[in-house]
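Subject: Handing over a structure

Hello,

I am passing a structure on to you, and I hope you enjoy looking through it. Please open it first, then read on for what I found.

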Amino acid sequence: MAGGFVSQTPGVRNYNYKLTPKVFVTCFIGAFGGLIFGYDLGISGGVTQMEPFLEEFFPYVHKKMKNAHENEYCRFDTALISSLFASTITRVFGRKWSMFLGGLTFFIGSAFNGFAQNIAMLLIGRILLGFGVGFANQSVPVYLSEMAPPNLRGAFNNGFQVAIIFGIVVATIINYFTAQMKGNIGWRISLGLACVPAMMIMIGALVLPDTPNSLIERGFTEDAKKMLQSIRGISEVDEEFQDLIDASEESKQVKHPWKNIMLPRYRPQLIMTCFIPFFQQLTGINVITFYAPVLFQTLGFGSKASLLSAMVTGIIELLCTFVSVFTVDRFGRRVLFLQGGIQMLISQIAIGVMIGVKFGTVGTGNIGKQIGFRLVMGPLGWLVPSEISPLEIRSAAQAINVAVNMFFTFLVAQLFLTMLCHMKFGLFFFFAVFVFIMTIFIYLMLPETKNVPIEEMNRVWKAHWFWGRFIPDEAVGVSAAEMQQKSV
Ligand code: BGC
């Protein structure tokens, strides 16, 4: 099938390509990278509700169930740290080895956790899981964005979020059954089975080819061209290939991506890679992801019923993520962000009011809010930061994205219970304020990136009413006047 929609940004080229089985299968396997993150997110909330687990490791918590979220902490600390290392590995050794390392550390972590005899083993296991998630989240979105044909990059990249949600749903289903097992076997199975997605990523990474962009970056120019031809399904790839070569030449000037990303010319990417994950987390989504079982239980469901309810919610979320997959390259990132922002805003205010005046329940409200999130901040929160940076800072920018994401995940997880206690239904208004700011921010500051080839992104920034001033003319190779004609 020849592709698709064309970019409206002035000066941006639209390459020819066919949608090959190879690129499809490659991105499908690449997206497995989201499974470990999802499994990790989905399994923890349930396991920390399992009484044998708490009795074994946290007897004091077992007594006072209120601290049951404690083991979320280490995971996000280490994911944050590892994403910073991962940036160098992704750049120097290629995206696939970073994925492999993510799978490997996650695999070892799952063994430590499944066989844990004491808190130390549990902790080491969690730290390794955190490293695994950091490596995978750093490399997979970039891998997908580079492999995908420009006109379908959104859909292919959203495969990562589909895998995350899939991981969460599978974990919740597993928890549902293991929670019914007597003794310590249940939680051991739940934690130990994390080795399955880990193996899938390791095997996946071994069979996956590296992206043409990464091959060129590491000096394998001939291989890169062959790879580009085979994933685009045509031999005439000169135009796209030349853009990759140019991007690589640019990138060679940059010796220290970490120092360079601070330069004014990368200001738009730096600001976006900080603010998008910040807003993603400040929609309050992980309150639901981590605490759904706790919330349902608080509402009077038994511990099994609470997992069942969380599972049903997860399946609805999965369906919603597919809506993004099928619309993001047609309507664009901005339209989805803006409509999702409005939807989340309305639903959060409605939930806050309903709870405030004691109409409705938290359960029904959550589903509405999650739908808004899945459509927007979930998938786009990973897509946009992975596609907006030029090659020379892409790995560093993605590391910042992961680190900021993990930091705010950690912060919300830490503070949620205290905030809920003090703010009660006002907590929904608190998150609504951030959704409101996010919507305005996106409207003003994020240019449309749909259908724009990844190595041509500078042109989009150059054409933007505000960011244009930061991008030097030589970064786009066409006259500045031409670029300024159209601003978003
Ligand atoms: C977010 C996570 C969230 C997950 C599922 C991801 O995109 O980064 O924080 O838990 O979606 O909702």
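N451 counts as buried, because its relative accessibility is 1% and buried means under 20%. This residue sits in the loop between α22 (426-445) and α23 (457-462). Its backbone is worth a look too: N451 has a positive phi of about 65 degrees although it is not a glycine. Please keep in mind throughout that this is a predicted model.

Now for the chain as a whole. It has 24 helices and 0 strands. Of its 488 residues, 61% are buried. The accessible surface comes to about 18300 Å², and carbon and sulfur atoms account for 71% of that. If you take the contacts between residues at least 6 apart in sequence, 79% of them join residues at least 24 apart.

Next, the charged pairs. Side chains of opposite charge can pair when their charged atoms come close. The structure holds 14 salt bridges. One of them is between the side chains of D40 and R126, at 2.6 Å from N to O. This pair links distant parts of the chain, with D40 in helix α2 (residues 33-47) and R126 in helix α7 (residues 119-147), 86 residues apart. D40 is buried, with a relative accessible area of 2%, and R126 counts as buried at 3%.

The side chains of R218 and D210 form a salt bridge of 2.9 Å, N to O. Are these two partners buried or exposed? D210 is buried, with a relative accessible area of 7%, whereas R218 counts as partly exposed at 23%. Salt bridges that share partners also join R95, E146, E217, R394 and E455 into one network.

On to the aromatic rings. A pair of aromatic rings is described by the distance of the centres and the angle of the planes. The count of aromatic pairs comes to 27. F53 and W187 make an edge-to-face pair, 5.4 Å centre to centre with 75 degrees between the planes. The pair links distant parts of the chain: F53 belongs to helix α3 (residues 51-57) and W187 to helix α9 (residues 185-192), 134 residues apart. Both F53 and W187 are buried. The pair of W467 and F470 is tilted, because the ring centres are 5.8 Å apart and the planes are at 45 degrees. W467 counts as buried at 3% relative accessibility, while F470 is partly exposed at 21%.

There is also an aromatic cluster, formed by F275, F278, F279, F407, F408, F410, F430, F431, F434 and F441. F278 and F279 are among the buried residues of helix α15. That helix is mostly covered, with 12 of its 16 residues buried. Its length agrees with expectation, because 16 residues (267-282) at 1.5 Å a residue should span 22 Å and the end C-alpha atoms are 22 Å apart. Just after α15, G284 takes a positive phi of about 85 degrees.

Finally, the surface. V92, F93, W97, L193, V196, M199, M200, I203, L206 and V207 form a nonpolar patch with about 890 Å² of accessible area together. Which helix supplies the largest share of the patch? That is α10, with 6 residues. Both α5 (72-93) and α10 (195-207) supply at least two. V196, in helix α10, is partly exposed, with a relative accessible area of 37%.

Helix α5 also holds F85, which touches F131 and F135, leaving aside residues up to four places away in sequence.

Happy exploring, and do write back with any questions.

Best wishes

Conventions. Residues are numbered from 1 along each chain as its sequence is written. This is a predicted model: local features need pLDDT of at least 70, side-chain atom pairs count only at pLDDT 80 or more; totals for chains, interfaces and linings use all residues. Side-chain values use heavy atoms; hydrogens and water are left out. Patches are made of residues with over 30% relative accessible area and no salt bridge: like charges are joined within 9 Å, nonpolar side chains (Val, Leu, Ile, Met, Phe, Trp, Tyr) within 5 Å. Accessible areas come from the Shrake-Rupley method with a 1.4 Å probe; for residues, only the protein chains shown count as cover. A salt bridge is a side-chain nitrogen of Lys or Arg within 4 Å of a carboxyl oxygen of Asp or Glu. Helices (H or I, at least four residues) and strands (E, at least two) are DSSP runs, numbered from the N terminus. Buried means under 20% relative accessible area, exposed over 50%, partly exposed in between (1.4 Å probe, protein chains only). Rings of Phe, Tyr and Trp (its six-membered ring) pair if their centres lie within 6.5 Å; planes under 30 degrees apart count as stacked, over 60 as edge-to-face and the rest as tilted. The expected span of a helix is 1.5 Å times one less than its number of residues. Contact means heavy atoms within 4.5 Å.
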